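Me: I am new to this structure and would like to go through it by question and answer. Please show it first.

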Amino acid sequence: MLSWMAWTWPTALVFIGIFSAIGVLVLLEIRNPGGDLRKGVLGLSTTRGDRLFITLLGTSYIFLAWLGLVGMPLWYPLGLAILWGIFTFWKV
């Protein structure tokens with residue numbers, strides 16, 4: 001069924017991680033409704049979902065920039081992406 005697409009374990013893990021994060025956000029929203037509105041560094045009021053979107057968008061740019069400028073290996077941009085996610089949920 002999905003033979004037309006080059007599914008690999010790393011690709012599957014990325015999608016599992018994204019869907020797991022969305023699932024955690026759903027559970028947090030059920031437990032504590034309202035989205036946990038916060039004012040961040042740029043003065044934007046963001047919810048948990050907004051911060052997840054900003055994290056995923058920034059992570060994709062980190063990986064694309066790394067691949068374009070440096071190439072392999074991808075462990076360093078993974079560390080940068082994790083730090084970006086921590087910063088985004090902490091500050092933004």
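Me: How many salt bridges does the count come to?
Reply: This is a predicted model, in which local features need pLDDT of at least 70 and side-chain atom pairs count only at pLDDT 80 or more, while totals for chains, interfaces and linings use all residues. Residues are numbered from 1 along each chain as its sequence is written, and side-chain values use heavy atoms, with hydrogens and water left out. A salt bridge here is a side-chain nitrogen of Lys or Arg within 4 Å of a carboxyl oxygen of Asp or Glu. By this rule the count comes to one.

Me: Which residue forms a salt bridge with R48, and which helix is that residue in?
Reply: The closest N and O atoms of R48 and E29 are 3.0 Å apart. The pair ties together parts that are 19 residues apart in sequence, because R48 lies in helix α2 and E29 in helix α1. Helices are DSSP runs (H or I, at least four residues), as are strands (E, at least two), numbered from the N terminus. The partner of R48 is E29, in helix α1.

Me: Is R48 buried or exposed?
Reply: Buried means under 20% relative accessible area, exposed over 50%, and partly exposed in between, with a 1.4 Å probe and protein chains only. E29 has 33% relative accessibility, so E29 counts as partly exposed. R48 has a relative accessible area of 8%, so R48 is buried.

Me: How is α1 oriented relative to α2?
Reply: Two packed helices are described by the angle between their axes and the distance between the axes. Axes are lines fitted to C-alpha atoms, for helices over the stretch in contact, and angles run from 0 to 180 degrees between N-to-C directions. The axes of α1 and α2 come within 10 Å and cross at roughly 165 degrees. Angles under 35 degrees count as roughly parallel, over 145 as roughly antiparallel, 65 to 115 as roughly perpendicular and the rest as oblique, which makes α1 to α2 roughly antiparallel.

Me: At roughly what angle do the axes of α2 and α3 cross?
Reply: Helix α2 covers residues 48-69 and helix α3 residues 75-91. Their axes come within 9 Å. The angle makes α2 roughly antiparallel to α3, and its value is roughly 155 degrees.

Me: Which residue does a cis peptide bond join to M72?
Reply: The bond has an omega of about -5 degrees.

Me: Where is V14 found, and how accessible is V14?
Reply: V14 is found in helix α1, residues 9-31. Its class is partly exposed, because its relative accessibility is 49%.

Me: How far apart in space are I16 and R38?
Reply: I16 has its place in helix α1. In sequence, I16 and R38 are 22 residues apart. From C-alpha to C-alpha, the separation in space is 27 Å.

Me: What separates the C-alpha atoms of L44 and A65?
Reply: L44 has its place in the loop between β1 (38-39) and β2 (45-46). Along the chain, L44 and A65 are 21 residues apart. Their C-alpha atoms are separated by 25 Å.
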